Amino acid sequence: MAMALRRVLKHGVIPRDAAQSFGIRGYAIASKGKKGGKGAADAAKTPVLSKELKSTTVFGANILKEGSDPKLQPDSEYPEWLWHLLDKRPMLSELRRKDAKTLPYEDLKRFVKLVNRARIKEQNALTAKN
């Protein structure tokens with residue numbers, strides 16, 4: 001027993017019978033099949049989608065077990081805020097250069113948030129244990 005314990009401590013490997021007696025679970029054993037890249041069998045499993053189907057359906061958006069992927073709607077069917085999600089917002093350096101009194105409300109809120117975030121990061125860096 002002492003030799004087995006020494007081997008475990010030296011190599012960091014727990015024998016299967018010892019692991020089972022302590023209730024330690026290990027990784028699944030890898031299959032002994034062929035290893036390698038994708039072959040012809042994998043390519044046959046991939047569905048071929050028509051160009052028309054790709055442009056009318058959002059693939060991968062279905063989160064339910066049953067059901068189908070949603071169809072794309074015309075732009076007028078989506079809310080207005082959706083089109084502004086990817087708009088670039090000004091960075092802290094740009095907001096600092098502008099006059100705070102002339103900033104729009106949304107930019108002012110962003111400025112306060114970014115200043116607070118920078119202050120917290122600076123304070124954390126000063127008090128970090130190095």
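A residue is called buried when its relative accessible area is under 20%, exposed when it is over 50%, and partly exposed in between, using a 1.4 Å probe and protein chains only. With 23%, Asp69 is therefore partly exposed.

This is a predicted model, in which local features need pLDDT of at least 70 and side-chain atom pairs count only at pLDDT 80 or more, while totals for chains, interfaces and linings use all residues. Residues are numbered from 1 along each chain as its sequence is written, and side-chain values use heavy atoms, with hydrogens and water left out.

The chain has six helices and zero strands; these are DSSP runs numbered from the N terminus, helices being H or I of at least four residues and strands being E of at least two. Of its 130 residues, 8% count as buried. A contact means heavy atoms within 4.5 Å. Among contacts with a separation of 6 or more, 5% join residues 24 or more positions apart.

Asp69 sits in the loop between α4 (51-56) and α5. Leaving aside residues up to four places away in sequence, Asp69 touches Thr57, Val58, Phe59, Gly60, Ala61 and Asn62. Thr57 is twelve residues from Asp69 along the chain, and their C-alpha atoms are separated by 6.6 Å.

The structure also holds one aromatic pair. Tyr78 and Trp83 form this pair, which is edge-to-face, with 6.1 Å centre to centre and 90° between the planes. Rings of Phe, Tyr and Trp (its six-membered ring) pair if their centres lie within 6.5 Å; planes under 30 degrees apart are stacked, over 60 edge-to-face, and the rest tilted. The table gives the accessibility of residues discussed so far.

| Residue | Relative accessible area | Class |
|---|---|---|
| Asp69 | 23% | partly exposed |
| Tyr78 | 29% | partly exposed |
| Trp83 | 42% | partly exposed |

In soluble globular proteins, nonpolar side chains tend to be buried together. A nonpolar core is a set of buried Ala, Val, Leu, Ile, Met, Phe, Trp, Tyr and Cys residues joined through side-chain atoms within 4.5 Å. The largest one here consists of five residues: Leu92, Leu95, Leu103, Phe111 and Leu114. Helices α5 (92-97) and α6 (105-127) each supply at least two residues of this core. Not counting residues up to four places away in sequence, Leu92 touches Phe111, Leu114, Val115 and Ala118.
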